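Thanks for making time this morning. Please have the sequence and the model open side by side, and I will talk through what can be read from them.

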Amino acid sequence: MSKSKTSDSPASGPLTFHDSQWKSRTLITPQGVVLQVQDGQLTTDDPACIQYLQQHPDFTPQE
């Protein structure tokens, strides 16, 4: 049986990402959105931010 992955869909709600390089930092996306990493994690429900973080080599989605 195949299951669809809802975690890849931005409409599934907020996603938390683990920052493998920093415990605390500020990121500014190409769209100008400011994202804050705290305790090595960042949570967002913005589809553009999720796409940006999924492509960023320092971030991995948490389950």
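H18 stands opposite Q41 in strand 4, and I begin with that pair in a model that is predicted. Strands and helices here are DSSP runs numbered from the N terminus, with at least two residues (E) for a strand and at least four (H or I) for a helix. Strand 1, residues 15–19, and strand 4 pair in the antiparallel sense over four bridges, where pairing requires that DSSP finds at least two bridges between two strands.

Strand 4 itself covers residues 41–44, and L42 and T44 lie on its covered face, while Q41 and T43 lie on the uncovered one.

Stepping back to the sheet, we find three strands in an open arrangement, ordered 4-1-5 with antiparallel pairing. Strand 4 and strand 5 are the edge strands, each pairing on one side only, and the twist from one strand to the next averages 30°. Helix 1, residues 47–55, packs on this sheet and touches strand 1, strand 4 and strand 5, its direction making about 30° with that of strand 1. Those angles run from 0 to 180 degrees between N-to-C directions, with axes fitted as lines to C-alpha atoms, for helices over the stretch in contact. Along the sequence the whole chain reads β-β-β-β-α-β, that is, one helix and five strands.

Which residues make up the largest nonpolar core? The ten are L15, F17, L27, L35, V37, L42, C49, I50, L53 and F59. Such a core is a set of buried Ala, Val, Leu, Ile, Met, Phe, Trp, Tyr and Cys residues joined through side-chain atoms within 4.5 Å. Strand 1, strand 3 (34–37) and helix 1 each give two or more residues to this core, and helix 1 gives the most, with three.

Let me take F59, which is placed in strand 5, residues 59–61. F59 counts as buried because its relative accessible area is 4%, the limits being under 20% for buried, over 50% for exposed and partly exposed in between, with a 1.4 Å probe and protein chains only. Not counting residues up to four places away in sequence, F59 touches F17, H18, D19, R25, L27, V37, L42 and L53, a contact being heavy atoms within 4.5 Å. F59 and L42 are 17 residues apart in sequence, and their C-alpha atoms are 9.0 Å apart in space.

How far should we trust the coordinates? The mean pLDDT of the chain is 87, with 81% of its residues at 70 or more, pLDDT being the predictor's confidence in each residue, from 0 to 100. Over residues 1–10, however, pLDDT stays under 50, and where pLDDT is low, the predicted coordinates should not be read in detail.

Finally, on conventions, residues are numbered from 1 along each chain as its sequence is written, and side-chain values use heavy atoms, with hydrogens and water left out. Local features need pLDDT of at least 70 and side-chain atom pairs count only at pLDDT 80 or more, whereas totals for chains, interfaces and linings use all residues.
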